[in-house]
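Here are a few friendly notes to read beside the model. Take them one point at a time, and find each residue on screen as you go.

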Amino acid sequence: MSKVHVKTGDTVVLLTGKDEYLYNDPKDKSKGRKTGKVVAVSPKEGKVIVEGFNVVTKHVKPTRMGQVGGIVETEGALYASKVQLVCPKCGKPTRIGHVIEDGKKLRVCKNKDCGKSFE
């Protein structure tokens, strides 16, 4: 079982891939990177599902009477190493460290300007 540095509900940016930059223009990096919330985490596989990233289409057959089939868009899983956590305090993508305060394990922003802890 591997460790995953993000939790469900965290805001992350994509480091590599087709959804890396806004407006799908890798040459113009001034627009910034795309951000999204983590929907699900699978630490056993080392993957995360982020809303709005890695959207795949899937053909669905109607299974019951009255249910509509067709093409459905869903988010696919990404490797956790391809996303980076956005610090809720300073709003920048960051690496994290861990500190124990009052018996709780807190995450700490590793940006030299910030350094604040969060849960």
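Predicted model: local features only at pLDDT ≥ 70, side-chain atom pairs only at ≥ 80, totals over all residues.

1. To find the residue, look in the loop between β3 (47–50) and β4 (55–60), where Asn54 is placed. The relative accessible area of Asn54 is 19%, and the cut-off for buried is under 20%. Asn54 is therefore buried.

2. Now see what Asn54 touches. If you set aside its neighbours within four places in sequence, Asn54 is in contact with Lys18 and Asp19, and also with Thr74, Glu75, Gly76, Ala77 and Leu78.

3. Next, follow the strands β1, β2 and β3. Strand β1 (residues 11–14) is paired with strand β2 (residues 35–42) in the antiparallel sense, over three bridges.

4. The β2 and β3 strands make a hairpin, with four residues between them. In the turn you will find Gly46, whose phi is positive, about 75 degrees. Ser42 stands opposite Lys47, a residue of β3.

5. Stay with Lys47 for a moment. What does its charged end sit over? The charged end of Lys47 is over the ring of Tyr79, at 4.9 Å from the ring's centre. As for pairs of aromatic rings, the structure holds zero of them.

6. Move on to an open sheet of three strands, in the order β8-β9-β10 and with antiparallel pairing. Why is one side of β8 and of β10 left without a neighbour in the sheet? Both β8 (96–101) and β10 (117–118) stand at the edges and each has a single partner strand, so one side of each has no neighbour there.

7. Strand β9 (residues 104–109) pairs with β10 in the antiparallel sense over two bridges. Val108 has Ser117 of β10 as its bridge partner.

8. Finally, turn to the largest pocket, which has about 250 Å³ of space in it. Which elements give two or more residues to its lining? They are β8 and β9. The lining is made up of Lys3, Val4, His5, Val6, Lys7, Ile96, His98, Lys105 and Arg107.

How values were computed
Residues numbered from 1 in each chain as written. Heavy atoms only, no water. Buried < 20%, exposed > 50% of the residue type's maximum accessible area, 1.4 Å probe, protein only. Contact = heavy atoms within 4.5 Å. Phe/Tyr/Trp six-rings, centres within 6.5 Å; stacked < 30°, edge-to-face > 60°. Lys NZ or Arg CZ within 6 Å of the ring centre and 35° of its normal. Pairing = 2+ DSSP bridges. 1 Å grid on protein atoms, 1.4 Å probe; cavity = no way out; pocket = protein on both sides within 12 Å on 5 of 7 lines; lining within 4 Å. Points joined across faces, edges and corners; volume = space filled by probe spheres on them.
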